[in-house]
Amino acid sequence: MEGSNSEEIVQENTKIFTIKTQVGKEQNTADLINSRAGKSKIKIPSILVTPELRGYIFLESYDKERIRDMIKTVSYARNMLEGDIPIDQIQHFLIPASAVAKITEGDVVEMIAGPFRGETAKVTHIDDTKEEITVELFESVVPIPITVRGEQVRVIKRKDEEKNKSEEEKRD
Amino acid sequence: MKIVRACKTCHKLTESDVCPNCSLPTSKRWRGYVIIRNPENSQVAKAMNITKPGKYALKVM
């Protein structure tokens, strides 16, 4: 009897399936699937909720059809996408890069959150361990250094771009 | 309602100020959510170097 015993299936490699959920209810869906998997015999080694991907969760399992049947009864779970995805494609979600990794001193950034939202500033210092940056606002009369979290800014002009532009202007 | 916190080292989610696994301080600022049910058979657990089942954060700030 092939595949009739769930213990035999455990020996296979797991597959990663994508479940479409109600937006904002990804974590609740993961918890519901977790409790459902505990009660049933369906083997689900892991469930992954990534903040970057709203409305979707990843589920690691063996049997696609059993998962498809199970999620029909789970609130907030909409449907399952066709096919499975290799682990390499979700690797970048598992080990997220630092929020300040792509920012360098001298970059021009726009504040996207906090009390200075919408203002532009120049990066003067980067703290890699705390993932914080210190900026000086262009609009302020007196340059006051402000320390903000790396996620609160968006780079609008790189230091290199600015340097190239000023060199071109000099040539003209 | 209690605030869920994450260990700064092992990323395990807990309601305590100290991680039950590694006895280190926890943070209330975290992102991403992973439920590991069977670390031995999970590719995700292996990629994240998780050996114990439980709920984990992807990123702790």
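How much area is buried between chain A and chain B, and what share of it do carbon and sulfur atoms give?

1. About 2200 Å² is buried between the two chains, and carbon and sulfur atoms give 52% of that. Buried area here is the accessible area (1.4 Å probe) that two parts lose on being put together, summed over both. Bear in mind that this is a predicted model, where local features need pLDDT of at least 70 and side-chain atom pairs count only at pLDDT 80 or more, while totals for chains, interfaces and linings use all residues. Residues are numbered from 1 along each chain as its sequence is written, chains are lettered from A and ligands numbered from 1 in the order in which they are written, and side-chain values use heavy atoms, with hydrogens and water left out.

2. Who takes part? Chain A brings 32 residues to the contact and chain B brings 20, with contact meaning heavy atoms within 4.5 Å.

3. The rule finds two salt bridges across the interface (a side-chain nitrogen of Lys or Arg within 4 Å of a carboxyl oxygen of Asp or Glu). One of them joins Lys55(B) to Asp31(A), at 3.4 Å from N to O. There are also 13 residue pairs in polar contact across the interface, both residues at pLDDT 80 or more; such a contact is a pair of N or O atoms within 3.5 Å, where, within protein, one must be able to donate a hydrogen and the other to accept it, and residues adjacent in sequence count only if both atoms are side-chain atoms.

4. On chain A, helix 2 (26-39), strand 2 (46-49) and helix 4 (91-94) each supply at least two residues of the side that touches chain B. Helix 2 of chain A gives the most, with six residues. Helices (H or I, at least four residues) and strands (E, at least two) are DSSP runs, numbered from the N terminus.

5. Look for the strand pairing between the chains: strand 2 of chain A runs antiparallel to strand 5 (residues 33-36) of chain B, over four bridges. Strands pair if DSSP finds at least two bridges between them. Leu48(A) has Val34(B) as its bridge partner.

6. Within chain A, strand 6 (residues 120-127) and strand 7 (residues 132-137) run antiparallel, joined by six bridges, and His125(A) stands opposite Thr134(A). Strand 7 of chain A also pairs with strand 8 (residues 145-149) of chain A, antiparallel over five bridges; there Thr134(A) has Thr147(A) as its bridge partner.

7. Chain B itself has one helix and seven strands, in the order β-β-β-β-β-α-β-β from the N terminus.
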